[in-house]
Amino acid sequence: MVGDGSKDEMGVYKELMEFLESGRADLRNAASEAVLGVRDRDTISNLLECGIIKSLCKLGSRHENAGVSALKALVYLSSDGTTANKCIEDMIDCGAISRMSEISLSHASSESEALSSANKNASNNIIMWCKRVNYSLALLANMTRTERGAIELCGRVMPDEAIPSTTTAECLKEKPDLIEVQPSKPTISLLLSRFLSNSYLQPNDQNDDADDNDTNTESKTNSNTDSEYQEQSNDNLAENEFCTFANQHHDPFQHFAAILMNITQVEQGRKFVMKIIHPKHNSNSINKDQQKVRPTSVLQQILPHLKSTNPVRRQGIAGTIKNCCFEKDAAWWLINEVHLIKHILYPLAGPEELDLDEKQGMDPDLWLEGPDKIREPNPTTRLFLIETILLLCAAGRKSRDSLRLQRTYVIIKMADMVEESEEISEKIGDCVNFLRRDEAGMQEGASDQLIYDTYNVGKTKRLLTLPTPSPAGQISSSSSSNQDDYDDID
């Protein structure tokens, strides 16, 4: 492709790369802005062939405005188009995963010290740090869409400090060559701690984000994006909201949700998220409350983010849950220990009014909000959640019975009535076929009879008949009346 260009054009590309590595800050800034403004696919392809990715990665490590622009350009180049895969491979080859991990794990204080010579405003320094972290995690999310990138980030074997209760030694005895192939890395656990912490959230100042909202460079940091949703007006609004959040820096660790989703495509990533962590008790402590702490997991820690106000977090966590459900052996644990069903049904529940029969067996959180309940607006997140239900349905009869008893059918039936996406409606139809069909060896209508027998559905109205309101007794003007003497006997 480069050979088709003129010599003058090749000279421009080489000169641009020299400017990116120049010792002058103004030239570096101008060159990074020039790359960011490129939209022609042929020009982008020629830039990649010239090796511009390596220059951008080096510039992205600098604590300056040009470094932020370079990271932003890398996000754009790796997010969409026919050259995205080429860009991702080039970034991995030049060690971008290590570079981006260092940026995302940096501290705001150290960044402020590095920027103090160029910018005396501490607030602006914090904003620049947030932008750098946001873009670096967006790049990690893009690079981990591939299996190579996911393994490069999380390693083939997680160390004990990454998963406190994992038996790494046993894994190494069975496959001692794994460490030689890919060393273990605790990077994911360090990023997780920051993702779960609220101390890194910044005030959402729309004025600070005005320059970012002009472009949607990281609108596709997740591993799945559906172009057909563009035809739906409501879904367009949801996607615009997603892009707005993705470009803002007030939640710098929001894209870690997409990273979790991507690494759970591989077995080691799923083990990290689903590994049961047993709390460490102090043998000298006599605190009884400490002994009551139950084992937990990364999955249980991230489930509350399905209710986050940030659609980027919600979408990534929904995708992570879906990927975890591919472990069929974990279905019982997911349903009975993690209580996954109520968490994935909550975003799908809407403001529709339910009768008493439909509420029987349903988690109260799904209907207590009444008309104020808002169904998940992001179509991609809804798709992940419906596919999660479908995977649980396919896990076995016990899983389907649990879904039936927790009234999953009622929620997805209501959701399907207002669903605009044909793809999601088809998935809901598949779930309904699983939930309403009779199991093998059972008599006709057995699936419905399970609900009837468990909750007495259909008899509820007769059993819960209440007395009608009663008026106060008639007040008479005298203490006695002939009308009260019904038998005329004194």
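These legends go with close-up views of helix packing and aromatic rings.

This is a predicted model, where local features need pLDDT of at least 70, side-chain atom pairs count only at pLDDT 80 or more, and totals for chains, interfaces and linings use all residues. Residues are numbered from 1 along each chain as its sequence is written, and side-chain values use heavy atoms, with hydrogens and water left out.

**View A. Helix α4 packs on helix α5.** Here α4 (residues 52-60) meets α5 (residues 65-79) at about 140°, with the axes 7 Å apart; helices are DSSP runs (H or I, at least four residues) numbered from the N terminus. Axes are lines fitted to C-alpha atoms over the stretch in contact, and angles run from 0 to 180 degrees between N-to-C directions. That makes α4 oblique to α5 (angles under 35 degrees count as roughly parallel, over 145 as roughly antiparallel, 65 to 115 as roughly perpendicular, the rest as oblique). Contact (heavy atoms within 4.5 Å) involves, among others, I53 and L56 of α4 and A66 and L74 of α5.

**View B. Helix α25 packs on helix α26.** For α25 (residues 408-418) and α26 (residues 422-436), the angle is about 155° and the axes sit 10 Å apart. The two are therefore roughly antiparallel. Among the residues touching are Y409 and D416 of α25, plus V432 and R436 of α26.

**View C. Two charges sit over tyrosine rings.** K373 lies over the face of Y346, 4.3 Å from the ring centre, and R436 does likewise with Y409 at 4.7 Å. To count, NZ of Lys or CZ of Arg must be within 6 Å of the ring centre and within 35 degrees of the ring normal.
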